[in-house]
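Here are some friendly notes to read with the model open beside you. Take the points one at a time and find each place on screen as you go.

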Amino acid sequence: MTAIDYEARIPNNVDLASDKRLQRALEKWQPAFLDWWGAMGPEGFQGRDVFLRTAVSAHADGWAVFDYVKMPDYRWGIFLSDRVPDRKIAFGDHAGLPAWQEVPGEYRNMLQRLIVTQADTEPASVEQQRYLGQTAPSLYDLRNLFQVNVEEGRHLWAMVYLLQAYFGRTGHEEADALLVRRSGDADHPRILDAFNQKCPDWLTFFCFTTFTDRDGKYQLGALAESGFDPLARTCRFMLTEEAHHLFVGEKGVQRVLTRSAELTALDPNGDARNQGGIDLDTIQKYVNYWFSYSLDLFGGEISSNAADFFASGLKGRWKEESKYEDHICTDAVQMVPVYRDGRLVEEAVPLRNAMNEVLRQEYADDCDKVVGRWNRALESAGSSFRIKLPSTRFHRRQGIYADQAYSPDGEPISSELFEANRSRWLPTDADRAYVASLMTRGVYEPGKVAHWISPPDKGIDGRPAEFEYVRLT
Ligand SMILES: [Fe+2]
Ligand SMILES: [Fe+2]
């Protein structure tokens with residue numbers, strides 16, 4: 001295991017210095033990345049000291065240090081988890097053979113597509129969150145936003161390293177293209193739909209980091225099982241960073257819920273909006289929206305691509321190696337509810353073709369646990385309101401449920417009935433405008449928080465909540 005070299009222009013633990021060609025390629029890409037960060041990264045605050053964590057080791061214990069850093073000086077670099085000696089491919093048609101240290105020729109295109117698709121999400125989310133610093137509910141939240149942003153930038157580096165180190169000319173072209181596409185751009189959009197949606201307010205940000213970053217967790221988890229060892233090691237370290245993003249999302253929504261419950265109780269008519277807060281119904285609608293958008297990211301329920309990814313050993317299931325017995329999956333089936341002749345019927349799908357759905361269900365179960373914790377917080381705040389995760393069929397735009405309308409409970413309904421209820425189930429323009437109206441300016445005094453959210457129950461890295469997480473003077 002090579003220690004992290006922080007003296008190098010590009011911090012790394014892959015012994016970059018010994019590969020001059022790759023080093024030159026990455027050093028050429030670095031200024032383009034910094035230009036992109038300057039143009040599309042957080043608006044404002046770039047000259048400010050932010051209390052950020054930086055990776056200093058690829059080991060799970062004590063891997064990061066916290067200190068004030070100006071974002072453009074963040075040490076973006078290339079960090080892979082330790083190599084597992086004699087690692088074998090754990091699943092698919094090549095199970096038991098040694099893991100690949102080079103790209104297997106027959107899977108080159110497929111593998112590159114997997115990496116580019118993952119890579120594209122990383123800069124996209126930074127672009128989506130670009131203006132949120134202007135309206136941060138506290139310095140603590142401002143710091144968390146920037147932590148997420150710099151680490152998504154780091155994840156882009158992680159993927160660009162793979163493209164440049166292992167995919168030759170096309171890899172270099174793809175690395176450049178990652179800095180050309182833009183979230184929401186009509187001509188050069190990001191690849192996946194959820195990453196072209198707007199993220200204009202903090203309730204959206206917290207839902208995004210809960211549900212969309214959590215999709216990232218499951219995609220990275222599936223790729224961490226990959227038979228292509230450099231990808232597996234890259235993703236394993238990314239997962240370490242990702243945990244904080246999920247924390248930011250979950251606790252963010254939880255603090256909004258707690259505050260909304262308080263303000264609802266305070267109001268004579270039980271209307272949180274009258275008290276300058278966000279009503280719980282609106283939060284439920286945001287949850288419905290971002291959960292359903294994030295479900296689409298897993299791909300079709302019945303998918304020959306998914307079967308190919310699994311058969312080739314490139315993308316496994318969540319915890320493939322430790323959780324499952326059968327890693328070949330040619331005889332097994334997965335029951336999938338399919339809409340036929342006006343009703344849902346369970347259909348047996350060959351398991352390999354259902355791998356997207358298997359991963360999506362893992363994800364949905366995890367989201368359910370998050371909602372459970374939110375509901376316990378609501379209970380503690382004395383509220384009888386409960387957040388409910390909609391069915392995985394609700395409001396889908398991709399996969400087998402996209403052509404038929406479903407209620408939040410997952411029952412097939414007419415599109416007229418869906419439209420009649422749209423404003424009850426999903427955020428309306430008026431809801432979005434109301435939420436945005438609460439967030440017209442940032443709250444930048446240490447220890448203060450905006451009216452519509454509860455303070456955090458503790459600070460970062462043992463610091464108190466009122467710590468000066470971003471120095472604005
Ligand atoms: Fe990421
Ligand atoms: Fe993330």
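1. Start with helix α2, residues 108–128, whose 21 residues reach 31 Å from first C-alpha to last, close to the 30 Å expected at 1.5 Å a residue. The expected span here is 1.5 Å times one less than the number of residues. Helices (H or I, at least four residues) and strands (E, at least two) are DSSP runs, numbered from the N terminus. This is a predicted model, in which local features need pLDDT of at least 70 and side-chain atom pairs count only at pLDDT 80 or more, while totals for chains, interfaces and linings use all residues. Residues are numbered from 1 along each chain as its sequence is written, and chains are lettered from A and ligands numbered from 1 in the order in which they are written.

2. Is α2 mostly covered or mostly uncovered? It is mostly covered, with 15 of its 21 residues buried. A residue is buried if 20 or more other C-beta atoms lie within 10 Å of its own, exposed if 12 or fewer, and partly exposed in between, with C-beta atoms placed from the backbone. Glu-127 belongs to this helix, and it counts as buried because it has 22 C-beta neighbours inside 10 Å. Beyond its neighbours within four places in sequence, Glu-127 is in contact with Met-40, Arg-182 and Ser-183; contact requires C-beta atoms, placed from the backbone, within 7 Å. Glu-127 and Asn-196 are 69 residues apart in sequence, yet 9.3 Å apart in space, C-alpha to C-alpha.

3. Next, look at helix α3, residues 139–166. Its 28 residues should span 40 Å at 1.5 Å a residue, and its end C-alpha atoms are 41 Å apart, which agrees. Gly-168 follows α3 and has a positive phi, near 55 degrees.

4. Which way do α3 and helix α6 (residues 229–266) run relative to each other? They pack at an angle of about 170 degrees, with their axes 10 Å apart. Axes are lines fitted to C-alpha atoms, for helices over the stretch in contact, and angles run from 0 to 180 degrees between N-to-C directions. The pair is therefore roughly antiparallel. Angles under 35 degrees count as roughly parallel, over 145 as roughly antiparallel, 65 to 115 as roughly perpendicular and the rest as oblique.

5. Compare that with α5 (residues 202–223) and α7 (residues 280–296), which pack at about 30 degrees with axes 9 Å apart. That makes α5 roughly parallel to α7. Among the residues that meet are Phe-208 and Phe-211 in α5, and Tyr-286 and Trp-290 in α7.

6. Leu-192 sits in the loop between α4 (168–177) and α5. Leu-192 is buried, having 20 other C-beta atoms within 10 Å. Leaving aside neighbours within four places in sequence, Leu-192 is in contact with Thr-121 and Leu-297.

7. Finally, check two loop residues. Asp-86 is not a glycine, although its phi is positive, about 55 degrees; it lies in the loop between β2 (64–70) and α2. Asp-86 counts as exposed because it has 7 C-beta neighbours inside 10 Å. Cys-329, also not a glycine, has a positive phi of about 60 degrees. Cys-329 is in the loop between α9 (320–323) and β3 (333–340), and is buried, with 22 other C-beta atoms within 10 Å.

Note on methods
Two residues are in contact if their C-beta atoms, placed from the backbone, lie within 7 Å.
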